[in-house]
Amino acid sequence: MKGFWLNIELNLVRVEKNGKRIGENGMLLKVRDLEVAFSSRKGGKKALVRAVNGVSFDVRKGETLGLVGESGCGKTTLGRALLRLTPVPVKGKIWYDGQAIEAIGGRDFRSLRSEMQMIFQDPFSSLNPRMTIGQMLGEVLSVHKAVPRVEAKKKIHELLDVVGLNSEYFNRYPHEFSGGQRQRIGIARALAVGPRIIVCDEPVSALDVSIQSQIINLLNDLQKEFGLTYIFIAHDLSVVKYISDRVAVMYLGKIVEIADAEELYDSPKHPYTKALMSAIPLPELSGKKERILLKGDLPGPLDMPTGCSFHPRCPEAIDRCRSVEPALKPLCEGSERQVSCLLYEKEVC
Ligand code: SF4
């Protein structure tokens, strides 16, 4: 049975008449063994750099899944791969709403693109400096055939209103806006085509702290209002904790831990997650905690360690870590929390 558009004003929430269009068990996105590899040269020979290396996870309808890790760990490439925005083919399987993405083509793919949108770190570079905001949003609506042409102007005014921008800004150019306002325009552009899931790639990293909280609150409000699902990529762990329901930690192209946000921040299991969490600044009165300093640098993508890729830097490494690669698996039977570490081979609950 075809879905229908529920939200009359902005056409943002699509549901199924029988209430079942949210995929199996409420999953909106299911990702299995995703791999994105770029070819490179090492010592004159061609080599493959796996920016994303066999990643599997699910995203539930209406949740925010945070994605954290050091620069270069593959989180942005992963976000882009989900939307088929990488310049190289993606291996593995992605199901959106129960449907395998690679099987979707033509007109259906354009519809899928509308439902899966992205917000970028630097909205300025993704806005055309020669187009007014009205023209730009009008173009998006036209390309995606989101509304009849005669209704486009009204819809643009509604979009500006919903992201907290004055509708008089319709005829202004990108350079006439502040960083926070430009990010609001980026959000309006994503919302214009009625998305169900938005990959937010470092959406507040370039903004002042006070503006960051305004954008985060806006994203939270929009999620509640329109039932949106977010994948929120950021390196600021405090921001990720605030906005996320669950958090996945990435290291060298792999997810090493995934858990409920509260649980992960309160009792990290993987040694890498522990080190990341120990680096979060605490308010002065909340007591002291010991900072875990990792030795060495992130290995180069062409010099991946054997066994557990974290072993050269891991403060808890044991001999087997050099030769055995741990799998991401539940902490115990039935647990949703997953860790990839040999220290948790036996069930721990
Ligand atoms: Fe550290 Fe070994 Fe666990 Fe890897 S498998 S995180 S090296 S203890």
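**Helix packing and cysteines in the predicted model**

Helix H3 (residues 133-143) packs against helix H5 (residues 179-191) at an angle of about 25°, and their axes lie 9 Å apart. The angle makes H3 roughly parallel to H5, a label for angles under 35 degrees, with over 145 counted as roughly antiparallel, 65 to 115 as roughly perpendicular and the rest as oblique. Axes are lines fitted to C-alpha atoms, for helices over the stretch in contact, and angles run from 0 to 180 degrees between N-to-C directions. Helices (H or I, at least four residues) and strands (E, at least two) are DSSP runs, numbered from the N terminus.

This is a predicted model: local features need pLDDT of at least 70, side-chain atom pairs count only at pLDDT 80 or more, and totals for chains, interfaces and linings use all residues. Residues are numbered from 1 along each chain as its sequence is written, and side-chain values use heavy atoms, with hydrogens and water left out.

H3 contributes Ile133, Met136, Leu137 and Val140 to the contact, and H5 contributes Ile185, Ala188 and Arg189. Contact means heavy atoms within 4.5 Å. Six of these residues are nonpolar, none is polar and one is charged. Ala, Val, Leu, Ile, Met, Phe, Trp, Tyr, Cys and Pro count as nonpolar, Asp, Glu, Lys and Arg as charged, and the others, Gly among them, as polar.

H5 also packs with helix H6 (residues 209-226): the axes come within 10 Å and cross at roughly 20°. H5 is therefore roughly parallel to H6. This crossing, of H5 and H6, is right-handed. From H5, Gly180, Gln183, Arg184, Ile187 and Leu191 meet Ile211, Gln214, Ile215, Leu218, Leu219 and Leu222 of H6. The contact of H5 with H6 holds seven nonpolar residues, three polar and one charged.

Ser114 sits in helix H2 (residues 106-115). Ser114 counts as buried because its relative accessibility is 10%. Buried means under 20% relative accessible area, exposed over 50%, and partly exposed in between (1.4 Å probe, protein chains only). Leaving aside residues up to four places away in sequence, Ser114 touches His144, Val193, Gly194 and Pro195.

The disulfide count is zero, a disulfide being a pair of cysteine sulfur atoms within 2.5 Å. The closest cysteine sulfur to that of Cys200 is in Cys73, 17 Å away, too far for a bond. Cys200 is buried, at 0% relative accessible area. Cys308 also counts as buried, at 13% relative accessibility.

Definitions and conventions: Left-handed = near helix turned anticlockwise from the far one by under 90°.
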